[in-house]
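Reader: Hello! Could you pick one part of this model and take me through it closely, giving the cut-offs as you go?

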Amino acid sequence: IFDLKKMEYLMLQDNKLAGTISTRVGNLKDLISLSLNHNELKGPIPSALSELEKVKEINIHGNELTGGEWMENYDGIWKPQQFIADCGEPQKALEPLKCHLCTNCCNLDGHCQKKDDSTYSPTQNTGLFVGCFCALLLILSLVIIISPEKVSLKLPQVKMDIKECAGESVYSFFLSDSYIAYIISIMA
């Protein structure tokens, strides 16, 4: 099969195929559609799939395939219009399939769901929030430092006896009436 370089469609779904997907699949340079879904395939998904530059559709769900490092870290331009794999929860495979290239993820129960790339993971959301917050603080700090006469800050007056009590405390900058000390305390 893998010597048929002009083959455009390889439809072998529901055939009880066992084993692994051969790395020679990359030889099928004119392949447009690859369907190996609902078989008994196991092992890693070969990186040779990314050599199929003309492929628009890959269906490999309903097997026990693992992703391999190349699928987790892939950042090239190759991305089929449809890539369906078993990346939904729960999974059949012992090693969970992480597929950033997938357009649809199926699970052990056979339910497939379109993958929404517009949402961010909790880690990405946290990073985005922290980044925006730090940028806002930086901009505010620069505005205050560059033109303090234009920014009217009404800082609370602190009684002298509190300042004297704080003395050499590491928290004494909280009791300062300097706007720079307030910015530093907020950023810390």
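**From a strand pair to the cysteines**

Author: Let's start at one spot: Leu41 in β4 has Gly19 standing opposite. Before going on, please note that this is a predicted model, where local features need pLDDT of at least 70 and side-chain atom pairs count only at pLDDT 80 or more, while totals for chains, interfaces and linings use all residues. Residues are numbered from 1 along each chain as its sequence is written, and side-chain values use heavy atoms, with hydrogens and water left out.

The strands β2 and β4 (residues 40–44) run parallel and are joined by two bridges; strands pair if DSSP finds at least two bridges between them. Strands here are DSSP runs of E with at least two residues, and helices are runs of H or I with at least four, numbered from the N terminus. The open sheet has three strands in the order β2-β4-β6, with parallel pairing. Its edges are β2 (18–19) and β6 (64–66), each pairing on one side only.

Now to the cysteines. Searching the whole structure gives two disulfides, a disulfide being a pair of cysteine sulfur atoms within 2.5 Å. In one of them, the sulfur atoms of Cys87 and Cys105 are 1.9 Å apart. This pair links distant parts of the chain, 18 residues apart: Cys87 lies in the loop between β7 and β8 (104–106), and Cys105 in strand β8. The Cys87 and Cys105 link is left-handed, with -90 degrees about the S-S bond. Both Cys87 and Cys105 are buried, where buried means under 20% relative accessible area, exposed over 50% and partly exposed in between (1.4 Å probe, protein chains only).

The other disulfide joins Cys106 and Cys112, again with sulfur atoms 1.9 Å apart. Its torsion about the S-S bond is about 100 degrees, so the link of Cys106 and Cys112 is right-handed. Cys106 counts as buried because its relative accessibility is 2%. Cys112, at 44% relative accessible area, is partly exposed.

Cys132 is in no disulfide: the nearest cysteine sulfur, in Cys134, is 9.5 Å away. Seen from Cys134, the closest cysteine sulfur is that of Cys132, and 9.5 Å is too far for a bond. Cys134 is partly exposed, with 45% relative accessible area.
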